[in-house]
Amino acid sequence: MLKTLRRASNIIRSHPDITDLVVVSNARIPVSKFVYSPIGVKCDLTCNNIIAVQNSKLLYSLQSLDVRIRPYLYALKFWAKSHRLISSPESTLSSYALTLMAVFYLQQTDPPLVPSIESLQNKVPQEEKIHFNGWNISFQVPLDTGKPPTQAASEMSIIDLLIGFFRFYKKLNANEVVVCPRIGKCLLKTEFVDAPHSPEGRSTFLGNDKQGDSRPPLKLSLLSVQDPFELNFNVSFNFRHFELFQSLCELAERTCLEIVDVVKNDKQSVLPALFKVPLKTKFASKAKRNHIQSSLHPEFVSLDDVVVVIVVVLIISLFIFSYGI
């Protein structure tokens with residue numbers, strides 16, 4: 001698999017629009033990372049990784065269940081990037097892990113905006129089920145064919161969902177529970193420790209009740225988030241900054257509440273505050289040093305400022321052109 005990945009990477013590397021290509025051979029799943037430079041899209045390439053394909057399909061399909069889900073996920077990812085929680089050299093929380101955490105919160109709303117993954121798997125007829133390495137990776141999301149997604153009965157706005165996410169994880173007792181999107185609820189870590197020793201445990205936590213199942217149990221960490229398909233994979237196993245994450249959630253919740261208050265009272269917007277780095281941490285200092293270079297800290301400017309900049313650039317360009325003549 002690694003040999004094939006390297007051969008493919010060498011072919012891709014020769015394309016003039018591909019930049020920053022690197023093969024990560026020591027990852028759990030070897031991956032080739034590169035950038036498609038015309039539009040700046042970051043790409044990952046793997047081999048024989050059908051579970052990743054199913055994960056991507058699942059997350060894409062879930063967004064069709066409600067019109068609020070996609071902007072909610074975008075806002076959370078932008079917030080996490082702004083605080084260098086994901087997509088930065090010092091971060092160990094993947095974008096996929098954050099998305100699963102966001103989906104899990106949507107399973108806790110009343111009514112749930114997203115059903116449990118297990119219920120979606122149960123909708124697949126037996127003859128259409130897909131298995132890979134012993135894992136059930138099939139699912140069926142109910143869609144209104146040809147119709148746009150509609151809102152659920154809940155009256156929660158997008159910012160209400162953000163507040164709920166921040167409040168939920170601010171209070172999460174990660175020392176004792178595992179976040180399980182597959183069943184849509186938290187389970188005690190002690191249940192996973194005892195799971196391999198009983199057929200019931202293997203059936204519930206590993207999706208297999210065979211005595212000869214040699215698959216290792218879920219590796220637990222401070223923040224444990226179980227993959228919905230590969231049930232012994234903790235997608236947040238390497239994340240070591242959950243206390244910082246909870247502090248940022250608390251501050252973000254407070255900022256969102258201020259935004260809601262501003263909207264009600266028609267005051268000046270405080271939305272940019274949600275994406276600023278308020279804490280004096282290792283992440284914060286690096287983020288501030290890279291403020292100019294990084295696209296994770298956007299500048300909110302008025303239309304008048306933009307017009308002034310354009311005019312100044314135009315004048316300078318004309319001056320240089322005239323001087324050349």
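Biologist: How far is the sulfur of Cys-186 from the closest cysteine sulfur?

Modeller: The closest cysteine sulfur is in Cys-180, 6.9 Å from the sulfur of Cys-186, which is too far for a bond, because a disulfide is a pair of cysteine sulfur atoms within 2.5 Å. This is a predicted model, where local features need pLDDT of at least 70 and side-chain atom pairs count only at pLDDT 80 or more, while totals for chains, interfaces and linings use all residues. Residues are numbered from 1 along each chain as its sequence is written, and side-chain values use heavy atoms, with hydrogens and water left out.

Biologist: And how many disulfides does the structure hold?

Modeller: The structure holds zero disulfides.

Biologist: Is Cys-186 buried, exposed or partly exposed?

Modeller: Cys-186 has a relative accessible area of 27%, so it is partly exposed (buried means under 20% relative accessible area, exposed over 50%, partly exposed in between, with a 1.4 Å probe and protein chains only).

Biologist: New topic: how many aromatic pairs turn up in the whole structure?

Modeller: A search finds eleven aromatic pairs, where rings of Phe, Tyr and Trp (its six-membered ring) pair if their centres lie within 6.5 Å, and planes under 30 degrees apart count as stacked, over 60 as edge-to-face and the rest as tilted. One of them joins Phe-165 and Phe-166, which are edge-to-face at 5.6 Å centre to centre, with 75° between the planes.

Biologist: Which of the two, buried or exposed, describes Phe-165 and Phe-166?

Modeller: Both Phe-165 and Phe-166 are buried, and the relative accessibility of Phe-165 is 0%.
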